[in-house]
Amino acid sequence: MPEGDTVHQTARRLHQALAGHTLTRSDLRVPKLATADLTGRTVLDVTPRGKHLLTRVEGGLTLHSHLRMDGAWRVFAAHERWRGGPAHQIRAILGTAERTAVGYRLPVLELLRTTDEHRAVGHLGPDLLGPDWDPDEALRNLLAAPERPLGEALLDQRNLAGIGNVFKCELCFLLGVTPWLPVGELPTETADRLPALAKKLLEANRDRPDRTTTGVPRPGRRLYVYGRAPRPCLRCGTPVRLADQGDGSRQRPTYWCPACQSGPTP
């Protein structure tokens, strides 16, 4: 599931493959970009912003993409067979003489003037893996709606950018509270350590192919609660529980330990 750590890794792979090279192939397979052609332009950089990817090319253009739940960018050698899904799922192809980047199942793909990037990412809060990270601002954003459930507040990218459903569940477990606890009811010490802990989790995984919050690389023990219901909690042995959480626009599977985490539950 793409979250801030995954997007950071994707940006690095795309940057290494494309930056500084001239595009010899450009194919953007969404209706509004059917006539757009970036061939002949040099890729300047690929930058992650929260869960967004900004591919900047010469001429003041930026290709903005978002992976959401199952989008992916794959990089292949010039004559390598593409793997990542059937051809009808391909939404973008950016090729150089040596590498080809193929975007599969991209739900968001748009071409912007680089000076207009704020239209795509200007609403985002401080980026946990970005140079603009500001823990104090992130905490202020979270506490601005004290009645809001913590899990929903963490997923709101306007508060802080980069947390998805996996890190939401794991962060709440490590803080010892349920995702349904109103943000304003967080103990002061817990709230104060939240931004630093969130950053620590994402930083620890930005270079790992297999995400872990436990520090244990073995399958089945990489995460404390996410995906574990109804297996035992790794800390106390109580069966992990599962319920949906959402703000009405989208429900997300949410995991928690009823013994290790205090607060309201469904």
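Two strands count as paired if DSSP finds at least two bridges between them. The exercises below apply this to a predicted model.

**Exercise 1.** State which residue of β7 stands opposite R74, and how many bridges join β5 to β7.

*Solution.* Start with the strands: β5 covers residues 72-77, and β7 covers residues 99-104. The two run antiparallel and are joined by six bridges. Within this pairing, V102 in β7 is the residue opposite R74.

**Exercise 2.** Give the strand order of the open sheet and identify its edge strands.

*Solution.* The sheet has four strands, in the order β1-β6-β7-β5, with antiparallel pairing. The edges are β1 (25-28) and β5 (72-77), each of which pairs on one side only. Ignoring direction, neighbouring strands are turned by 20° against each other on average.

**Exercise 3.** Classify the arrangement of α3 and α6, and list the residues that make their contact.

*Solution.* Two packed helices are described by the angle and the distance between their axes. Here the axes of α3 (residues 135-143) and α6 (residues 188-205) cross at roughly 125° and come within 9 Å. Perpendicular covers 65 to 115 degrees, and roughly antiparallel starts over 145. The two helices are therefore oblique to each other. Their crossing is right-handed. On the α3 side the contact is made by P135, L139 and L142, and on the α6 side by A191, D192, L194 and P195. By type, these residues divide into six nonpolar, no polar and one charged.

Definitions and conventions:
Residues are numbered from 1 along each chain as its sequence is written. This is a predicted model: local features need pLDDT of at least 70, side-chain atom pairs count only at pLDDT 80 or more; totals for chains, interfaces and linings use all residues. Side-chain values use heavy atoms; hydrogens and water are left out. Axes are lines fitted to C-alpha atoms, for helices over the stretch in contact, and angles run from 0 to 180 degrees between N-to-C directions. Angles under 35 degrees count as roughly parallel, over 145 as roughly antiparallel, 65 to 115 as roughly perpendicular and the rest as oblique. A crossing is left-handed if the near helix is turned anticlockwise from the far one by less than a right angle, and right-handed if clockwise. Contact means heavy atoms within 4.5 Å. Ala, Val, Leu, Ile, Met, Phe, Trp, Tyr, Cys and Pro count as nonpolar, Asp, Glu, Lys and Arg as charged, and the others, Gly among them, as polar.
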